[in-house]
Amino acid sequence: MSISDHGRRRFIGQSGAAASTLLLAACGQNASAPASVDSSAQQQTFRWKMATTWPRDLPGAGTGAQRLADTIRAMSNGRLDISLYGAGELVPAFEVFDSASSGTVEMGHGAAYYWKGKAPASQFYGSVPFGMNALENNAWLYYGGGLELWNEVYAPFGLQAFPAGNTGVQMGGWYNREIHSLADLQGLKIRMPGLGGEVMRRAGATVQNIPGAEIFTALSTGTIDATEWIGPWNDLAFGLYQAARYYYYPGWQEPGSILECIVNQAAFDALPNDLQQIVRIACQAVNMDVHCEYTARNQQALDTLVNQHGTQLRQFPDEVLARLKTISQSVLQEIAEGDPMSRRVYDSYFSFLSQVRQWTAKSEQVFLQIR
Ligand code: CA
């Protein structure tokens with residue numbers, strides 16, 4: 001039984017519509033025909049709260065969450081009405097997961113790697129250094145078993161996950177001195193969260209995890225020598241070009257970061273079938289939409305950074321990238337060894353990557369080289 005079937009049957013039981021179901025069955029009709037059995041549910045308005053880990057209007061992530069709420073309201077003709085709360089407005093950013101799990105809010109929007117302390121396997125659903133890009137990652141989620149596994153990871157918490165945005169390949173970050181070799185990473189004070197930060201630490205850097213709102217001050221006062229954030233669109237808005245001159249690429253640490261929508265399972269089950277499908281399809285639409293907007297706006301912002309603010313673009317040296325890649329592989333293997341669920345996700349992720357990369361090499365990769 002699919003989750004949507006389950007939800008519909010639960011609702012039938014709760015609404016006292018079982019009699020009409022029996023009647024339909026007696027008449028030889030499909031007892032689960034939504035038009036009949038969901039008639040009362042289809043008149044009901046559901047009011048949900050969505051808590052996000054982002055500031056309300058953060059370009060891409062915050063605006064994407066708002067777009068998701070707006071899309072669901074429009075598609076459902078107001079029958080599923082979701083109020084968005086930015087980080088700290090209802091619950092602090094890092095309590096979004098627990099709030100959706102307990103049902104304090106019905107929906108959350110954030111990034112899965114924030115929840116590594118609760119479920120280590122969630123780190124494969126945020127960003128994997130040197131891992132899949134957005135297109136490959138979505139292929140794994142929708143057609144490679146990745147999303148089913150993600151829901152297994154979240155099931156013990158009473159949550160369902162939906163991909164709901166992607167940044168695409170991020171930038172490597174802002175540096176106030178040039179990186180010529182591995183030696184330049186030694187003692188470098190850098191802000192980098194997540195797995196990328198752990199990789200940098202093992203490469204010799206001094207890694208700090210500083211909230212987004214404090215990055216600019218930390219970099220401009222010399223508390224840190226370097227920072228990564230997202231990409232030109234977001235980094236321009238943060239004014240990071242005023243605090244460091246060199247802007248490095250590629251964002252090996254976040255090659256296609258997934259933004260997630262999490263939904264309280266009981267709240268989802270209580271929705272009639274069509275609203276469940278609207279949530280599903282709206283997440284899928286916003287997942288693509290956010291990635292498209294990042295792609296469109298990043299180059300516009302990069303032009304502004306280089307042409308108006310004198311930002312110096314630099315590519316990481318091959319030697320540095322090769323070392324960071326080797327370290328990344330061992331960091332990821334250690335997560336897989338930590339618990340059985342992480343092992344299953346790791347195996348699924350890398351078996352899909354080993355296959356899809358061959359197609360990418362013959363399609364996107366070779367095409368982009370000759371275009
Ligand atoms: Ca980042």
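A residue is called buried when its relative accessible area is under 20%. The structure described here is a predicted model.

**Cysteines**

Cys-261 has a relative accessible area of 0% and is therefore buried. Cys-292, in contrast, is partly exposed, as the table shows.

| Residue | Relative accessible area | Class |
|---|---|---|
| Cys-261 | 0% | buried |
| Cys-292 | 41% | partly exposed |

A disulfide requires two cysteine sulfur atoms within 2.5 Å. The cysteine sulfur closest to that of Cys-261 belongs to Cys-283, and because the two lie 3.9 Å apart, they are too far from each other for a bond. The count of disulfides is zero.

**Nonpolar cores**

In soluble globular proteins, nonpolar side chains tend to be buried together. In this model, the largest nonpolar core comprises 56 residues. Tyr-125, Trp-150, Tyr-154, Tyr-175, Met-200 and Val-345 have the most contacts inside this core. Helix H13, which spans residues 318–338, supplies the largest share of the core, with eight residues.

Beyond its neighbours within four places in sequence, Tyr-154 touches Phe-97, Ala-112, Trp-115, Ser-122, Leu-159, Ala-161, Glu-260 and Ile-262.

The whole structure contains one cavity of 30 Å³ or more. The volume of the largest cavity is about 80 Å³. Its lining consists of Tyr-113, Ser-127, Met-192, Pro-193, Gly-194, Leu-195, Gly-196, Glu-228, Gln-253 and Glu-254. By class, four of these lining residues are nonpolar, four are polar and two are charged.

Methods. Residues numbered from 1 in each chain as written. Predicted model: local features only at pLDDT ≥ 70, side-chain atom pairs only at ≥ 80, totals over all residues. Heavy atoms only, no water. 1 Å grid on protein atoms, 1.4 Å probe; cavity = no way out; pocket = protein on both sides within 12 Å on 5 of 7 lines; lining within 4 Å. Points joined across faces, edges and corners; volume = space filled by probe spheres on them. Nonpolar A, V, L, I, M, F, W, Y, C, P; charged D, E, K, R; others polar. Buried < 20%, exposed > 50% of the residue type's maximum accessible area, 1.4 Å probe, protein only. Core = buried A, V, L, I, M, F, W, Y, C linked by side-chain atoms within 4.5 Å. Helix = DSSP H or I, 4+ residues; strand = E, 2+ residues; numbered from the N terminus. Contact = heavy atoms within 4.5 Å.
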